[in-house]
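Please look through the model shown here before reading on.

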Amino acid sequence: MIESLKQHYNIEQKDIRLFKIVIQKEKFLKTLSFISSNSNFITLSQITCTDWIEDKLFTLNYILTNKERNKNLMIELQIPREQSKISTLLNFFPQAKVMERDLHEMYGIEFIGNPTLYDFALENWKEIPPLRREFDTLAYVNEQFEFRRGREDNRDVKVEMKKRRAEAKRLKNAKK
Amino acid sequence: MQEGFIDYQKVLDNEEHAIKSTQSVIEKAVDWFRSKSMFVLAYGTGCGAIEMPPTFTSRYDIERLGVVGVATPRQADILIVSGYCSYKTLKRVIRSYEQMNEPKYVIALGSCTINGGMYWDSYNTIKRLEDYMPVDIFVNGCMPRPEALIEGFVKLQDNIRNAKRKAGYIKYIEDNEFYKANQRKIFGDNIEPTYEANFEGMN
Amino acid sequence: MQKNNQLIKIFHGPQHPGITGNMSVELDLLGETIKKARTHVGYLHRGFEKLIERRTIIQAFTIVCRICVPEPDPNEENFARAVENLADIEISEKAKYIRVMVLEMARLGALFLWMGGQSSSIGLGTIGQWSVHDRDLILDLFEELTGGRVYHMYIYPGGVRRELPNGFLDKLSQLLDYLESRLPLYDNVFFDNSSFKKRAMGVGIVDTNEALRYGFVGQVLRGCGIKRDVRKDNPYLVYDKLDFEIPTFEGGDVYARAMVRRSEIRESIKILRQVITQMPQEGLIMQKIPKHRKFKLKKDDTFVATESARGEFAYYMAGDGTEKIRRMQVKGPSLIHGFTLLEKLLIDEELSNVAMIMNSLGICPPEMER
Amino acid sequence: MFLDIFFMIILAYSFGFLYYGLYRNISARVHGRFGPPIIQSFIDSIKLFSKENSTSFGWAFYAGIIFMATGAVITMLFIPFLNHSTHLIGFSQYGNLIVVLYLMVLGPLGNAIGIGSNGNPFGVMGVTRGLTRLIGLEMPFYIALIGLMIANQTADISTIMANQSEIYNAFAHPLLFIGAFISFVGFMGASPFDVVGAPQEIYSGPATEFSGKFFALALSQSAIFSFTKLLLIVNLFLGGADNLFLLIAKTFILFLAVVLVGNVYSRFTTVGSVEFLIKVPTVIALVGLFFI
């Protein structure tokens, strides 16, 4: 059935059982409905999002799996990073509800039409969504918590490694 | 103990934490009974909970020491914080701890309760447990083996019996301000867990 | 706990003996009948995907096994396979066999742990004591092989980290004999126990028609009589050279899932025996991989899946030409089970069956929120 | 007289806790481990008495627990310990089996009073389950005991004890004994009838809000009460005992049977247990009535 889809879309084969389609954001709903109804890619396995901050894009991947569960089809589309909006998939796949809820919390993407975009894992979180790349978790941790002070004989790792390397070099030269 | 981490157990055991043990016979006897029967609250907060079943079942049968699990905080003596605490969990842990009846003790399991451990730069887990609630025994390691946990229990029994050290719940009463201030620092003013989580658009 | 219009609202967990891990199910009860259920997670959220973005391959490798506590090895396998796809590494035959062995041992351990949880959830504590003890013997072998009881950090991109210890396979076969000798005991006391059948039959029935479309995996699917397993459907490692069955059972209720798991224990013992006989003696276990600062992934993305003891464990990984992973997204088997399925199954169910249903769905919170 | 009663209470208390320790030990052996020391339950109760109790729910809460404890003790006092003996008989010459059966319900009712006063939904659920189960439990038990009364033409416990000098009632009326024994397993709160305090479902059930001294009191009450039930069954079906050693032996054998049954069966649901109790043991006991 991949062949039947090949007539409509240019399908890139990434692996023996992994295929990929790159589509435009506008044709998103049309493509999904077409594929889920006219082929046996009936299951939505995962919705993934990658943050390409340098070109100001989110790359969404809708990974469909077929009835025999032996082929995966990745449908890739790109949405702008700011006021990122895309319509929900609830009408086709009920399991999209929780995945979209997760992505909404982690990236701030708004899935239009999904009623359950409330807290998923975080509880009254006030910062920017944590998985956006501009959110620096180390800085957040440093201002939120204080670490235990090191032991008295605790030494800085970098300095220590430099010392040890120098020592090893000295010994090697001494051997010669 | 990992390189660069302070051995907090040593600090707990040194002089300034020690208290004079002037106990009457009755108190000694009561302490003996307390050390011989410990009820553990059944609350697996982190991945340390995966080593609880072996500890409580027939391989390392910790019931020999009189340690059993109970269901509700009302009857529990010991709270095992098994591993990292996220914000959400810490609220519930503190609530369970405050519901327990005195005398009550806390065993912190795993390196993540000592200094963040694997998740030292995670934005959602706390780093030092004893900032937010008093800890009596630290068991380090990731995972700590069941033997380590049993040794922690034995050490706790020892502490209870010959009152070497000021117990955690007394500290929690005395410098309650310190703990509450730390909790307020990360929770804001809603330290109590919000049972109705933020449900806008919830039907 | 507040009352509103005759429904008592209680929180089943996070502090509850009958909950699987640190999660919470919000129940609206009428008497003891559940009218509405809502899953709450987030008690174990550590932000793995954020941490991994900040780490190089070897640093990420040390934390990736912490994603799922009961059986970390499918995570390591997924991670390693995704990195190998993105860095064009081909691993040796022996490494593949060792990986299969580790994965099947982890599956056995997880299934024994499940047996304990499932039986304790209906008050049959004896089985829990026995099966956790037997799982511990598997953990001892893991300790000898990898140095860790629970977290192994053994399957590394390019192969596996250590050579097998001397006489390890003999010890493994002895252990398998012991476990097989124990199985009839479990059958008598647990699986064939009339009281267990009375409790489990006809409870938590999954609708067979929507099982495939809703994306259920693992025993939930096989308990409906649908034969789906990643090891057969798109075989990874050397599963296509091994001879094993995919057990299925009709009915879709708790008892069917239990029966599926019961035969899966025997199947993975069979697989392990074949691995012991077919394991190649020679062959290097670790390919030549670049130094960890120069271990770069090409700018591409991939999607790998492994059959864990509870279903399909899937990773999506995207590299960006640097030594850090751009994005790694985890989809655990119980993400959909815990929300879409559980909230549906619990409606009009007795409160006494909540723990049993959750155990039979194999719900594991740390993989739902990473 | 009072010394007698005092000794009876002491005996019941210590034997109750001894049997609880044995319960944990024997199940531990079934599980393949050593288990706690035999006096562990005693240590637990002392420790609980030494704990503070932070919760109080008004006078009804206290009254409920007092009811429970008194009910257990009074029931125990109306049952003679030994066969043809003038010691350890308590009030048994003033009361008979009917009184005992009436008093046995006092404990659960007092429990209900106390739990109803604290607003804990799990406690209320536990009490509801307990009372629902009580219906199922009492049917076969009462039928079997009525059968005994008819057979012996008396309701006096000591007479029934004395009448079994040549053959025990357990063998004279086996069906009655089976019916009574199955419901007795439920009375002891052993699996498969342990729906009241099912931890995986409703925390500790009625004891959810009990803390410190209340919990210790509840433990002691259940210890005394379980020993009382053992005593009753031994007296009625196993011919009583002529001396303390025989008493210990018989009660222990009965107790062992209960423990071993409890270790290999999983828990019924509440409705399921009532259904089972009405279908199987009640019918057995009814059939047994015809063979008297």
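What follows describes selected parts of the predicted model, with the cut-offs behind each term.

Residues are numbered from 1 along each chain as its sequence is written, while chains are lettered from A and ligands numbered from 1 in the order in which they are written. Since this is a predicted model, local features need pLDDT of at least 70 and side-chain atom pairs count only at pLDDT 80 or more, whereas totals for chains, interfaces and linings use all residues.

Chain B contains eight helices and five strands, where helices (H or I, at least four residues) and strands (E, at least two) are DSSP runs numbered from the N terminus. Read from the N terminus, the elements of chain B follow the order α-α-β-α-β-β-α-β-α-β-α-α-α. Of the 203 residues of chain B, 52% count as buried, a residue being buried if 20 or more other C-beta atoms, placed from the backbone, lie within 10 Å of its own. Two residues are in contact if their C-beta atoms, placed from the backbone, lie within 7 Å; among the contacts in chain B between residues at least 6 apart in sequence, 82% join residues at least 24 apart.

The contact between chain B and chain C takes 31 residues from chain B and 30 residues from chain C. On the side of chain B that touches chain C, helix 3 (52–56) and helix 4 (87–99) of chain B each supply at least two residues, and the largest share, four residues, comes from helix 4 of chain B.

In chain C, three strands form an open sheet in the order 7-8-9, with antiparallel pairing; two strands pair if DSSP finds at least two bridges between them. Strand 7 and strand 9 of chain C each have a single partner strand, so one side of each is left without a neighbour in the sheet.

| Edge strand of chain C | Residues |
|---|---|
| Strand 7 | 301–308 |
| Strand 9 | 325–331 |

Strand 7 of chain C pairs with strand 8 (residues 311–319) of chain C over eight bridges in the antiparallel sense, and Asp301(C) stands opposite Ala318(C) in strand 8 of chain C.

Finally, Leu131(A) lies in the loop between strand 7 (110–112) and helix 4 (137–144) of chain A. Is Leu131(A) buried or exposed? Leu131(A) is buried, because 22 other C-beta atoms lie within 10 Å. Not counting residues up to four places away in sequence, Leu131(A) touches Asp51(A), Met106(A), Tyr107(A), Glu49(C) and Lys50(C).

Methods. Buried ≥ 20, exposed ≤ 12 C-beta atoms within 10 Å, placed from the backbone.
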